[in-house]
Amino acid sequence: MVKFAHMADLHLGYRQYGSEERAIDFAQAFLKAMKEAVKERVDFIIIAGDMFHRKSDMDPLTLTQAIKVLEIAKERDVPVIAVEGNHDSAYFRDTFSWLDYLAHQNLLINLKPNFEEDMVVEEWDGSSGAYVDLECGVRVYGMKYYGSMTEKVLEMYSKKIKKKGFTIFVAHAGVEGYVNIQGCVPSSRFHKLNVDYIALGHIHMSFIEGKIHNPGSLEVCDISELKYDRGFFIVEVNGEVKAKLKRVGGREFEIINAEIKNEEDIKNLKSRLSNIKVERPVIYLNIKCSRSMRKVLDEEEIKRSIKVNPIALKIRWEIFDEFSPVVKFEKEDIELSVISQILENYSYGNISEEVVTLKNAFCGKFSLEKIDEFVDEIFVNSKKVKKITKTSKENKDIEKEIAKKKEVIGKCKAETEKIEKAELKMKDEDEEEVWDWRRTYDHRSKTRKH
Ligand SMILES: [Mn+2]
């Protein structure tokens, strides 16, 4: 019987929420998984990519964490087979990655194909190679992350695979249909590989689909992943393949959604917050309230009702406008008065309402021909304008009038744009107020890839 551990997406060195403690969580999860694997007396361990969170800027602490845990396997002669994920190395550039470094320290086997004129799939020679034959009779092929080229590289690779004993294909790549991230291919591309077990990493959600096995990340790398199952597989091969998911991540996340309408709601929120008992949790607090309620709510006071000391506290305000129809009415009012003021300079009488109608009709798609048609119609129908006769002098006058009207319309449009811009700016400033707080609170957080 062959037994092995399959893990992926360790993301060592990820100081989530700018927290050192959180980086220790990731290392702790790896240590736990490794200890469990050796306790289970596995023949080998697979790490299917994203061992580290950042491909550059390695820090001494993160490297030491990786080495210390890998040494546990080395001391027991348990081979560790890894591939590079999108967080570990550049896709095609021939760089020496941190996994190459660890391979040179004899702490792991870093499998990847070589690209010369064609793809080269060579046996591991102690420092490089794409496949390895293990003492337990298992052959393991490895493929690192290739992003949008995954499908193409996989197609090339599939032709190079020669099954020998129980054969495993390790890749840092995703299967379509689970989460929407780059580097995913249809599952059929994997199913047609002539191997017995496909060990994937990349998608931070645990799933098994026939031969395809994806354990998910050991820890929660993003709040959106909280709902997923995750961990690592202990796999037993005894005629059939049996993979069992083991969970190791330990950090508690508290998500609190509250809509505040009155005093009672505030009291309830505070009591919910004061009832959080877990030590050092990550707290996400989403508060929905009206603009006027937001003005009276004291964020600091709300925070003070939390009795435990959270590792990170994220507050998101969702603010709605209870007076939006009134604002709209006021806007139209302003628009009308601006237009009638402009019209006072001309002899059309007060046609401000018609102009607003015209503006609204053509505001979205401003088409001069359509406006011409409209203006012509006004000339024919409006009692405010002289009847059109066929003399050329009158025609000229009409042309002049049309030019004047066009000018009015242009001015009206500019005024309306000004009003709209001012409104947008007001809106922006409101949003900035919320954003700013988050930025100062979590100034190290960046947009992340999986
Ligand atoms: Mn990852």
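**Notebook: manganese site and salt bridges**

I looked up the manganese ion and found its protein donors to be Asp9 (OD), His11 (NE2), Asp50 (OD) and His204 (NE2), lying 2.1 to 2.4 Å from it. Donors here are N, O and S atoms within 2.8 Å of the metal (3.2 Å for Na, K and Ca), and water is not among the atoms, so sites may look incomplete. I noted that this is a predicted model, where local features need pLDDT of at least 70, side-chain atom pairs count only at pLDDT 80 or more, and totals for chains, interfaces and linings use all residues. Residues are numbered from 1 along each chain as its sequence is written, and side-chain values use heavy atoms, with hydrogens and water left out.

I checked burial next (buried is under 20% relative accessible area, exposed over 50%, partly exposed in between; 1.4 Å probe, protein chains only). Asp50 is buried at 0%, and His204 is buried at 1%.

I then searched the whole structure for salt bridges and found 29. The term means a side-chain nitrogen of Lys or Arg within 4 Å of a carboxyl oxygen of Asp or Glu.

One of the pairs I looked up is Asp25 with Arg251, whose closest N and O atoms are 2.7 Å apart. Asp25 is buried at 12%, as is Arg251 at 19%.

Glu155 is partly exposed at 33%, whereas Lys192 is exposed at 51%.
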